[in-house]
Amino acid sequence: MRITGHFSLTTPVEFVDVHVDRDNKLYVDPSAIRFWAKSGDQWSQEAYSSISGFFDEFLRRLWSTSSADNRNAREMLWEFHEPRETRLGMSAVGFDGSGASEKIGDAIWQSLRENPLCTLAVPILKRLEDIPLFVEDVANDRVSDLTTRLIFHNLAKFTNGQMENHPALRNASRESEYQVWNAEEGAWVKEAISLPHVTQEGEGEGRPLLLVPKIAVHRNLRMSHGKYWGGEILGSIQDDLTTYSNGKPIAPAKKDLGKREEYKQKRPLNIRRTHEIWIRDNLNLLEAYRERTDSSFVPLSDEEINERLDR
């Protein structure tokens with residue numbers, strides 16, 4: 001049953017009307033939030049500020065010559081316990097389970113420590129949504145979980161606003177402590193937050209529900225390692241290998257380049273080629289990809305969201 005059905009709410013609503021009793025195949029996408037923030041949406045601007053503020057601080061500690069800062073950067077990534085309150089994503093490959101968040105956090109930390117794009121005087125890899133382009137085993141669910149945890153306070157603020165608009169949500173609310181990132185303290189803290197609870201037979205006090213604005217979700221991440229590899233990365237190689245005959249360019253096809261053994265490992269090639277082109281040409285392929293992603297962004301319609309939720 002959807003939220004609106006469970007709480008007998010009048011439709012349409014501003015939030016994603018998820019099924020309350022199962023996972024829903026949509027993801028919180030930082031690229032979507034970035035798009036709406038650039039478009040002037042206030043909630044998105046605040047949410048993206050939370051995302052970018054955390055990652056800026058993480059990178060500062062990662063690059064620091066202080067061993068304490070380096071350790072703190074690593075520990076910052078240990079706290080991404082799966083946010084089950086949204087009902088979004090597929091929990092089987094998220095952060096659920098004992099020690100899972102620490103293990104994945106360590107993998108991200110180690111990968112970024114070794115990534116030359118993080119150590120440049122002008123860092124290229126500088127946003128949360130960049131991570132899946134370069135780090136193995138980090139894609140839709142895990143980036144969605146990372147993003148949700150970072151904007152938990154912003155989502156809670158949105159949820160509280162919806163509770164004012166829909167008294168049935170407010171009447172079903174209870175206050176508990178939730179993990180949030182405190183930018184001023186530079187640390188994860190516990191914060192008392194009131195959220196509506198979904199109570200079903202045999203569940204006692206029920207399970208908390210965190211509402212998500214429709215503008216924050218998409219069917220998949222808009223930025224992916226495969227799209228970057230197939231676009232900017234192979235495109236730059238194609239440019240280098242282009243020859244001319246009688247003034248006419250002769251370029252190898254990207255599909256043929258992608259079959260070559262030396263270009264098949266996508267994420268390692270993404271790292272190596274992005275770095276090479278920056279050093280050689282002072283050209284930021286990653287920024288070009290971000291701009292291409294933003295220029296082609298199309299938000300999901302209500303019909304598309306509903307179709308996705310019913311799968």
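Colleague: Which side chains meet in a salt bridge at 2.8 Å, N to O?
Modeller: In this predicted model, the side chains of Glu 57 and Arg 60 meet in a salt bridge, at 2.8 Å from N to O. The two residues are three apart in helix H3, so about one helical turn separates them, and Arg 60 is partly exposed, with a relative accessible area of 40%.

Colleague: And what does Glu 46 pair with?
Modeller: Glu 46 forms a salt bridge with Lys 157, where the closest N and O atoms are 3.6 Å apart. This pair links distant parts of the chain, since Glu 46 sits in helix H3 and Lys 157 in helix H8, 111 residues apart. Glu 46 is partly exposed at 30% relative accessible area, whereas Lys 157 counts as exposed at 51%.

Colleague: What do the buried residues of H8 pack against?
Modeller: The buried residues, among them Phe 152, Leu 155 and Phe 158, pack against helices H3, H7 and H9 and against strands E2 and E3.

Colleague: Which residues are linked in a network of salt bridges?
Modeller: Asp 240, Arg 273, Glu 276, Arg 280 and Asp 281 are linked in such a network, and the structure holds 22 salt bridges.

Note on methods:
Residues are numbered from 1 along each chain as its sequence is written. This is a predicted model: local features need pLDDT of at least 70, side-chain atom pairs count only at pLDDT 80 or more; totals for chains, interfaces and linings use all residues. Side-chain values use heavy atoms; hydrogens and water are left out. Buried means under 20% relative accessible area, exposed over 50%, partly exposed in between (1.4 Å probe, protein chains only). Helices (H or I, at least four residues) and strands (E, at least two) are DSSP runs, numbered from the N terminus. Contact means heavy atoms within 4.5 Å. A salt bridge is a side-chain nitrogen of Lys or Arg within 4 Å of a carboxyl oxygen of Asp or Glu.
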